[in-house]
Amino acid sequence: MAASRVLSIKERLYEDLKDPAYASAYINEAIGDGDETVLKTALADVIRERGVTDVALKAGINRVTVYKTLKPGTETSFTTMHALLKACDVSLQVLPDERD
C-alpha cells in the first residue's frame, strides 16, 4: 500500500510540474536549499515530466548527456544547466536576498 501512495505523490508532482510557474517555483526552492543534489533532483523531476528525449532535443544536448548531467556528483557547466532550464520553459533569475 505504501508503494501506491508514493506513486500517487509522484504522479501528482508530475501533474503539477506541467505548469511552468509551478516548475519554476519548484526549481527555485531547490536552488534556495543550496545543495547541488537537491537542485539536480528537482531539475530531473521537471525533465522527466516533459520527457527526457524532448528536453534533450530542445536543449541541443545528447539524451545520454542529460542523464549524466543530472547524476549527483558530476560536474555540470552553466551552459548545459541553462540549456536544460530553457528547454523546460523556465529561466534562471537572480534576485536580491531579502534576509535580514
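Trainee: What is the chain built from, how many helices and how many strands?

Mentor: The protein chain has six helices and zero strands. Read from the N terminus, the order of elements is α-α-α-α-α-α. Keep in mind that this is a predicted model.

Trainee: How much of it counts as buried?

Mentor: Of the 100 residues, 31% count as buried. The chain exposes about 7,000 Å², and 54% of that comes from carbon and sulfur atoms.

Trainee: What about contacts between residues at least 6 apart in sequence, what share joins residues at least 24 apart?

Mentor: That share is 57% in the protein chain.

Trainee: Okay, pockets. How much space lies in the largest pocket?

Mentor: About 260 Å³. Its lining consists of Asn-28, Ile-31, Gly-32, Leu-92, Gln-93, Val-94 and Leu-95.

Trainee: How does that lining divide by class?

Mentor: The largest pocket has four nonpolar and three polar residues in its lining, with no charged ones.

Trainee: And the second largest pocket, how much space is there?

Mentor: The second largest pocket holds about 180 Å³. Its lining is made up of Ile-31, Glu-36, Leu-39, Lys-40, Thr-76, Ser-77, Phe-78, Met-81, Leu-85 and Leu-92. Helix H3 (36-50) and helix H6 (78-87) are the elements that give two or more residues to this lining.

Trainee: Which classes turn up in the lining of the second largest pocket?

Mentor: Six residues are nonpolar, two are polar and two are charged.

Trainee: Lys-40 is in that list. Is Lys-40 buried or exposed?

Mentor: Lys-40 counts as buried because its relative accessible area is 1%, under the 20% cut-off. Lys-40 has its place in helix H3.

Trainee: What does Lys-40 touch?

Mentor: Leaving out residues up to four places away in sequence, Lys-40 touches Thr-69, Leu-70, Lys-71, Pro-72, Gly-73, Thr-74 and Thr-76. Of these, Thr-76 is also listed in the lining of the second largest pocket.

Trainee: Let's move to H6. Which of its residues are buried?

Mentor: In H6 the buried residues are Thr-80, Met-81, Ala-83, Leu-84, Leu-85 and Ala-87.

Trainee: And what do those buried residues pack against?

Mentor: They pack against helix H2 (20-33), H3, helix H4 (52-59) and helix H5 (63-70).

Trainee: Why does Thr-80 count as buried?

Mentor: Thr-80 lies in helix H6. Thr-80 counts as buried because its relative accessible area is 19%, and the cut-off is under 20%.

Trainee: Which residues does Thr-80 touch, not counting those up to four places away in sequence?

Mentor: Thr-80 touches Ile-61 and Thr-69. Thr-69 is also among the residues that Lys-40 touches.

Trainee: How far is Thr-80 from Leu-43?

Mentor: Their C-alpha atoms are separated by 12 Å, and the two residues are 37 residues apart along the chain.

Conventions. Residues numbered from 1 in each chain as written. Predicted model: local features only at pLDDT ≥ 70, side-chain atom pairs only at ≥ 80, totals over all residues. Heavy atoms only, no water. 1 Å grid on protein atoms, 1.4 Å probe; cavity = no way out; pocket = protein on both sides within 12 Å on 5 of 7 lines; lining within 4 Å. Points joined across faces, edges and corners; volume = space filled by probe spheres on them. Nonpolar A, V, L, I, M, F, W, Y, C, P; charged D, E, K, R; others polar. Helix = DSSP H or I, 4+ residues; strand = E, 2+ residues; numbered from the N terminus. Buried < 20%, exposed > 50% of the residue type's maximum accessible area, 1.4 Å probe, protein only. Contact = heavy atoms within 4.5 Å. Areas by Shrake-Rupley, 256 points an atom, 1.4 Å probe, with all protein chains shown as cover.
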